[in-house]
Every structure is written in structure tokens, then in C-alpha cells.
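Reader: I would like to learn how to read helices, cores and contacts in a model. Please take me through it.

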Amino acid sequence: MFHRAVECCPLHVELWLALARLETYDQAKKVLNKAREKLNKEPAIWIAAAKLEEANGNTQSVNKVIERGIRSLQREGLDIDREAWLKEAEAAERAGSVLTCQAIVKSTIGVGVEDEDRKRTWVADAEECKKRGSTETARAIYAHSLSVFLGKKSIWLKAAQLEKSHGTGESLEAILRKAVTYNPKAEVLWLMGAKEKWLAGDVPSARAILQEAYAAIPNSEEIWLAEFKLEFENNEPEGARMLLAKARERGGTERVWMKSAIVERELGNVDEERRLLEEGLKLFPSFFKLWLMLGQMEDRIGHAAKAKEVYENGLKHCPSCIPLWLSLASLEERINGLSKSRAFLTMARKKNPATPELWLAAIRAELRHGNKKEADSLLAKALQECQTSGILWAAAIEMVPRPQRKSKSSDAIKRCDHDPHVIAAVAKLFWHDRKVDKAMSWLNRAVTLAPDIGDFWALFYKFELQHGNADTQRDVLKRCIAVEPKHGERWQAISKAVENSHQPVDAILRRVVLALGAEENPNTAEP
């Protein structure tokens, strides 16, 4: 019937393609050759011919068919529409014809693209394909891009990220190995390879990669610190110590001194920790983290007066460092009461105007001492000075009486509708009101906007523990582990505690959930 159909309607490409699909390999080739004679400007026939070769195991012929097809179509005066051909590549991928997809990309990806635009255009093409789920097309685009731009580490990184998301451990290892072969000075590629091995539990291979990296880039502090982290996180403190000692001898930056003090803190060597911090501060007096760590160490061992002196000295060198001001105010509140802390926070705000964190600390200090009117007054002034501060608007939502929270949240959203702190505060309102779907949606929005803030992940996970199921709980946990959050008030307080220094992300998440306590439990009765 199809034979008769193509005789009657020789210009209908679909009939030719349908007939070819029904025939044996040899007959199908003849059908497609006849179709090309009748329809010499039809790309679909050449693509079908390439798919036919691929389906019959003739892998070497696939590229040749597409290349011949492009040349033939151009001879016939047909413009090669790059975008249309990339869509054909995606269609071939969906049909399972991966080699045809790759051949189309290779032959058409550069058509009509100026030399100076190739890198940017091709990376954008690959990312768009990736978003649409066309992994093989994206992979083919990156492969071709890398054949042209062997020395561009940014493209290697994108290709490696594609393999990490959609490939196998072997495919990721292969591309990273090629990447460092062509870019031996690219720290980020070595570090990615080592990290993937470490995450897979293969510490010896991770160590070997870092040693190779050090041979290629002998003065790289990033490689030194990665080696240190590998030893430190795998409970090899002596190895970590030795690496850091060598790094200090070679003139390491402030980060090396900070990491050195962290190792001694964990080992309980207070005197050595103090020595390293004090020596580091002689070299880097404007690096606030060393002042902060020294003050916290003195506070930890009960030397409150000494801690206060350290914070005050730190502020002479770093007057705009907010964490130092907050630590000093907190210490003063503990040892000398609210009035002294209040004075320091007032001074801090004068020296650092329009700083929401300082206003919030003052508001919370008043609330801790039952001074609700003073806290409300401070909040009003704070919102005048920092009108789009998410942390202050989030505090405003939580501080007003329950009936007013809805209108206050509307004000907050008008002022800063994309701020994750406001989004999380609104999510808690929905949670209180048992509007489960809305609460889940807004919590998801908060972690999407600020994936690095662990407190939001803990809130989301706690919500799922109450209202979700095993699958949704597992999904939130998996997403949190993948992004490895580093920030958030509660998250940092728990993750940086000495006893939690080697805890994995999921363990930290569960501890933060516990720390949220009744104050964050929206179903707890309110006064």
C-alpha cells in the first residue's frame, strides 16, 4: 500500500519515511535514496538515513551520512537553520538515536555563529538543552565545544557538572581526568575530582589526585587546604597538622593560620591554639575571624574579661566587623547585664548605620529582658533606617499579636517580596493556620532563594516530619545534603561547635531541627 502511496504522492516525505521503516535494511536504503531524488531539499530523509545506519550498527557511517546530507542540502540552495537542526538532534535523542544526535550537533552547531561568539553561544545552547532534559544533546554540544576550546576550564567545569548530574561516576572521572590533562594549572578541576572521590568514599584516590595537583601547581594554597581538609575530615589530625605547618612555613595566608587554630581547638590544645591565633594576628591584624576565634576561645575557657579585651582590640582594627560587635554585646549582656550591652549596640549602630543585624540584636536583647515596648520602639526605628531588610520584617511579623500578622506579612512582602527570611516567616504563618500546601510551597521557595542558609532547610525538614511522608522527607534531606548549607544563625552555632566538627550534613540538619524547639513549632499554643 505504501509503495502505491509514494507513487501517487511522491512529494509527501512522511509516506517515504513510513515505507522505509517497514522495509529491511537494504530495501530501506533504496527507498530513502529514491526519496532523496524526489525531495532533494528535505533534511528529514538524511536524518532517517543516519538513524537507519545507527540502528543497524554501522556507527562509522552515521557521521558521514549527516555530513553528506548537509553538503547536499547546501548545494541545493537550502539554508541550514541551526536552531531547527538542534531541535532535530533533540528529537533523535528522544528516539534513542544518540549517534545521530551527536552527528547533527557536530555538523550544524557552528553554522552562522561568529568565531568570537562560539563559546558563549554553545554553552548557552547546552544549558538550554540540559533544562529541557536533552542530556545527550547537551553532552554532544560540550564535546564539540571542548574539541575547539581545549583550554577553557569553564567549559570543562560545565561538562563535568552535566556528568555529575546525569552521568555515572566513571563518566565524571573520565571527563575530569581529560580536563586536568589539558588544564593542569586549573585548581578547580583538580579539586572537583578529589572531592568526588572523597564523596564516593575513596579517600586514597582523593589523596592521590591532590598529590598530582600539588605536583602540577606546587604553590597553590587551595590545594594545600584541600589536602588539609581531606586529612582533617578523615580523623587524621597529625597529617593535617603537618600540612598546615608546611603551608605556614611557605608564607601561607590568613586562612592557613585560621585552619591551624581550628585543628588545635579540636584536639583540645588551648595553649597552641592561642599561640597560633596571636601569631596569625601579628601577621594579619585586619582579618576579623582570627580576633573572633581568639575571643571565643577565651570565653570558652572562662576568661570573660580577656575575651572582652580581645573583642575590643579586634574592633580597633576592624571597626566595621558586625560579628565582633555582636560577640562583644552578647558577652557584656552575660557578664554585666542589659544596660552595658545596650550601650555597646548603640555605639555599634552609630559607627555602622543601616545595619539590620545590629538593630535585630538590640531588639532581641530587649525582648529577652521582657521589655516589649522598648523592643517595638527599636523595631519601628530599625524599619525606618532599613526599609527593605528581610530579617527585620521577618522579626516584625513574629513580634506583632497573632491577629495582626497577616497584615504585617502583606507589608513585608510589599517591601521585600523576594527575601527568603520574609518568605520563611510567611510560611510559618501558613503552618500555624494548618494551610499545609501553602506552607510547603513557601518553605520550598525559601530554600530555593537561599539554599546556603541551613536554618530554612531545618524548618522545611521539621515541617515535612510533621506533615509530609517518607518520600517528601527523603527529598528535602537529599536536597539539603546536595547543597551543603554553611550559613544561618542556628546552623552555624551547631555546625561550628567542636563536638560537631566532623558531623555530616544530615546529622547537623537533625540537630538544628531539635534546636528549633517549641519557639519554632507553629502548632504550640501561643500565650
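This is a predicted model: local features need pLDDT of at least 70, side-chain atom pairs count only at pLDDT 80 or more; totals for chains, interfaces and linings use all residues.

Reader: What span is expected for helix H20, and what does H20 reach?

Author: Helices are DSSP runs (H or I, at least four residues), numbered from the N terminus. The expected span is 1.5 Å times one less than the number of residues. H20 covers residues 322–336, 15 residues in all. From first C-alpha to last it reaches 20 Å, close to the expected 21 Å. Just after H20, Gly337 takes a positive phi of about 95°.

Reader: Which residues of H20 are buried?

Author: Buried means under 20% relative accessible area, exposed over 50%, partly exposed in between (1.4 Å probe, protein chains only). In H20 the buried residues are Ile322, Leu324, Trp325, Ser327, Leu328, Ala329, Leu331, Glu332 and Glu333. They pack against helices H18 (288–300), H19 (304–317), H21 (338–351) and H22 (356–368).

Reader: Which residues have the most contacts inside the largest nonpolar core?

Author: In soluble globular proteins, nonpolar side chains tend to be buried together. A nonpolar core is a set of buried Ala, Val, Leu, Ile, Met, Phe, Trp, Tyr and Cys residues joined through side-chain atoms within 4.5 Å. The largest one here has 94 residues, and those with the most contacts inside it are Leu324, Ile363, Leu392 and Leu509. Its largest share, 9 residues, comes from helix H26 (residues 420–432). A second, separate core of 55 residues includes Ile109, Ile155, Leu157 and Leu189.

Reader: What does Leu324 touch?

Author: Contact means heavy atoms within 4.5 Å. Not counting residues up to four places away in sequence, Leu324 touches Phe288, Trp291, Leu292, Tyr311, Gly314, Leu315 and Cys318.

Reader: At what angle do H23 and H24 pack?

Author: Axes are lines fitted to C-alpha atoms, for helices over the stretch in contact, and angles run from 0 to 180 degrees between N-to-C directions. H23 (residues 372–385) and H24 (residues 390–399) pack at about 145°, with axes 11 Å apart. The contact uses Lys372, Ala375, Asp376, Leu379, Ala382 and Leu383 of H23. From H24 come Leu392, Trp393, Ala396 and Met399.

Reader: How much of H28 is buried?

Author: H28 is mostly covered, with 11 of its 14 residues buried. Among the buried residues are Phe456, Trp457, Phe460, Lys462 and Glu464. The cover includes H26, H27 (436–449), H29 (470–483), H30 (489–495) and H31 (505–516).

Reader: Where is Gly468, and why does Gly468 count as partly exposed?

Author: Gly468 sits in the loop between H28 and H29. It counts as partly exposed because its relative accessibility is 29%. Leaving out residues up to four places away in sequence, Gly468 touches Phe463 and Gln473.

Reader: Is Glu163 buried or exposed?

Author: Glu163 is found in helix H10 (residues 153–166). At 6% relative accessibility, Glu163 counts as buried. Beyond neighbours within four places in sequence, Glu163 is in contact with Arg139, Thr168, Ser171, Leu172 and Ile175.

Definitions and conventions. Residues are numbered from 1 along each chain as its sequence is written. Side-chain values use heavy atoms; hydrogens and water are left out. Helices (H or I, at least four residues) and strands (E, at least two) are DSSP runs, numbered from the N terminus.
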